[in-house]
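Here's a quick briefing to keep beside the model while you look around. Have the viewer open and follow along.

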Amino acid sequence: MDFVIGADGCRLASGSIDAWAAVELRAGGTALAHVFRSTRELWDYARRARRVLLDVPIGLPERGPRACDVLARKLLGPRAASVFPAPERWMLTCETIAQADAAKSARAGRATKVQRQMWNLMPRIRAVDALLTSDPLARDTIAECHPELCWRALNAGVPLARSKHTPTGLADRRRLIRAAIPDARALERTLLETPGVAPDDALDALACAWASAGASAGAAAGDLVSLPDPPERDAAGLRMRMMLRA
């Protein structure tokens, strides 16, 4: 079956941090909404997909920022702050934020701390990294995207002025995605039936799915652009890039 998936991480009311709000778009025009409780559950379903785009850092640097993060911030203008720094690979071994702060301070030679919003995503980052470093099919199927880059593409290449954490920002995004995906209203409603899935999670999943579909439901991988092109690779061989819809 020819289908693509876009997914945004969510924090379920059950307490799961490694969870995903996802939208599946099929070649025949059918669209489905899913909430997966873990990255493993998502992949068990998505291994049949042609393409999967996830809002999560894929490919982790040894030190310093990734080129894709730097380039994405430049493209996003007023939404640049939405691009959190990807963790350096050594952070995967840290079990607590205090341990990560101490390790970062030792490496820097001065007191410093890891970025808190990024650290909150570590369970999801670890799960995706473990999957991609162990499964060749997952490496070929799954790639990173950023919802704000998807919204920029939906908005004719102009970054959205208003944050998704405001009512007007959510309204801007609903207008754009409902014009692009006929079933967007129903799909959003279905995702929001799961406790813990927030409106911005559902909308970002829809935007990632729209990007994943490319120019058409049957389009080839070439209709997406790699940022940067060619991408860098990390020590594990994973490509450090974000995929953009052309």
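## Briefing

Start with helix H10 (199-213): 14 of its 15 residues are buried, so H10 is largely enclosed by the rest of the structure. Buried here means under 20% relative accessible area, exposed means over 50%, and partly exposed is in between, with a 1.4 Å probe and protein chains only. Helices (H or I, at least four residues) and strands (E, at least two) are DSSP runs, numbered from the N terminus.

This is a predicted model, in which local features need pLDDT of at least 70, side-chain atom pairs count only at pLDDT 80 or more, and totals for chains, interfaces and linings use all residues. Residues are numbered from 1 along each chain as its sequence is written, and side-chain values use heavy atoms, with hydrogens and water left out.

**Helix H10 and the cores**

- The end C-alpha atoms of H10 sit 21 Å apart, which agrees with the 21 Å that its 15 residues should span at 1.5 Å a residue; the expected span is 1.5 Å times one less than the number of residues.
- The largest nonpolar core has 35 residues, and Val23, Leu25, Trp151, Ile177, Ile181 and Leu206 have the most contacts inside it. A nonpolar core is a set of buried Ala, Val, Leu, Ile, Met, Phe, Trp, Tyr and Cys residues joined through side-chain atoms within 4.5 Å.
- Elements giving two or more residues to this core are S1, strand S2 (19-26), H7, helix H8 (167-180), helix H9 (184-191) and H10. H10 gives the most, with 10 residues.
- Apart from this core lies another, of 31 residues, among them Trp20, Val52, Val114 and Met122.
- Zoom in on isoleucine 177 and, leaving out residues up to four places away in sequence, you'll find that it touches Trp151, Leu154, Ala184, Leu203, Leu206, Ala207 and Trp210. Contact means heavy atoms within 4.5 Å.
- Tryptophan 20 is in strand S2 and counts as buried because its relative accessible area is 0%. From tryptophan 20 to aspartate 172 is 152 residues in sequence and 23 Å in space, C-alpha to C-alpha.

**Pockets**

- The largest pocket has a volume of about 810 Å³. On a 1 Å grid over the protein atoms alone, where a 1.4 Å probe fits, a pocket is an open set of points with protein on both sides within 12 Å along at least five of seven lines, and lining residues have an atom within 4 Å of a point. Grid points are joined across faces, edges and corners, and a volume is the space filled by probe spheres set on the points.
- Its lining has 32 residues, with Asp55, Ser82, Phe84, Leu121 and Lys164 nearest the centre.
- Strand S1 (3-10), helix H4 (116-120), helix H7 (147-154) and H10 each put at least two residues into that lining.
- By class, the lining of the largest pocket has 12 nonpolar, seven polar and 13 charged residues. Ala, Val, Leu, Ile, Met, Phe, Trp, Tyr, Cys and Pro count as nonpolar, Asp, Glu, Lys and Arg as charged, and the others, Gly among them, as polar.
- The second largest pocket holds about 290 Å³ of space and is lined by 20 residues, with Gly64, Ala86, Glu88, Met91 and Lys104 nearest its centre.
- Helix H2 (67-76) and helix H3 (97-108) each supply at least two residues of this second lining, and H3 has the largest share, with three.
- The lining of the second largest pocket splits into nine nonpolar, three polar and eight charged residues.

- Most residues other than glycine have a negative phi, and most peptide bonds are trans.
- Alanine 156 has a positive phi, near 60°; look for alanine 156 in the loop between H7 and H8.
- The peptide bond from leucine 227 to proline 228 is cis, with omega near -5°, and the one from aspartate 229 to proline 230 is cis too, with omega near 5°.

**Exposed loop residues**

- Alanine 156 counts as exposed, at 72% relative accessibility.
- Threonine 93, in the loop between H2 and H3, is exposed with a relative accessible area of 60%.
- Arginine 63, in the loop between strand S4 (51-55) and H2, is exposed at 54%. Beyond its neighbours within four places in sequence, arginine 63 is in contact with Glu88 and Arg107.
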